Amino acid sequence: MMSFQPPFSPSLFRKRDNASGASVVAIDNKIEQAMDLVKNHLMYAVREEVEILKEQIRELVEKNSQLERENTLLKTLASPEQLEKFQSRLSPEEPAPETPETPEAPGGSAV
């Protein structure tokens with residue numbers, strides 16, 4: 001019986017496998033570097049957005065405190081009748097009375 005001999009040696013396959021293995025590793029390294037770059041960019045963008053939101057929260061807390069102080073001051077300066085009238089406007093049972101408006105003439109001046 002005759003044995004089959006390949007026209008090239010198996011060592012040629014190993015060299016090709018080693019070369020393709022090296023290129024796969026190089027591609028994997030490039031992919032990993034790209035993913036790290038994307039991750040770093042996203043983390044930077046998120047940190048930047050967090051800082052902006054923290055600043056907005058700080059401003060809103062300051063504004064809220066200012067409005068609360070103003071509200072407290074107005075409540076202390078208002079008469080009991082004014083407070084009662086104001087509370088009645090806020091009650092959900094009764095809609096707030098509308099302020100009567102004077103009709104306007106076509107020229108824009110009040111009649």
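Which helix does Ile 31 lie in? Ile 31 sits in helix α1, which covers residues 10-77. Okay, hi everyone, let me walk you through this one.

Some ground rules before we go on. What you see is a predicted model, where local features need pLDDT of at least 70 and side-chain atom pairs count only at pLDDT 80 or more, while totals for chains, interfaces and linings use all residues. Residues are numbered from 1 along each chain as its sequence is written, and side-chain values use heavy atoms, with hydrogens and water left out.

So, the overall picture. The protein has two helices and zero strands; those are DSSP runs, H or I of at least four residues for helices and E of at least two for strands, numbered from the N terminus. There are 111 residues, and 1% of them count as buried. Buried here is under 20% relative accessible area, exposed is over 50%, and partly exposed is in between, with a 1.4 Å probe and protein chains only. The protein exposes about 10,800 Å², and 61% of that comes from carbon and sulfur atoms. Those areas are from the Shrake-Rupley method with a 1.4 Å probe, and for residues only the protein chains shown count as cover.

Back to Ile 31. Together with Ile 27 and Met 35, Ile 31 forms a nonpolar patch on the surface, about 310 Å² of accessible area in total. To be in a patch, a residue needs over 30% relative accessible area and no salt bridge; nonpolar side chains (Val, Leu, Ile, Met, Phe, Trp, Tyr) are joined within 5 Å, like charges within 9 Å. Ile 31 itself is partly exposed, at 45%.

Now the charges. Side chains of opposite charge can pair when their charged atoms come close. We call it a salt bridge when a side-chain nitrogen of Lys or Arg is within 4 Å of a carboxyl oxygen of Asp or Glu, and the count comes to three.

Take Glu 51 and Lys 54: their closest N and O atoms are 4.0 Å apart. Both lie in helix α1, three residues apart, about one turn. Lys 54 counts as exposed, at 51% relative accessibility.

Then look at Arg 58. Arg 58 bridges to Glu 55 at 2.4 Å, and also to Glu 62 at 2.4 Å, N to O. Salt bridges that share partners join Glu 55, Arg 58 and Glu 62 into one network. Why is about one helical turn between Arg 58 and Glu 62? Because they are four residues apart in helix α1. Arg 58 is partly exposed at 38%, as is Glu 62 at 45%.
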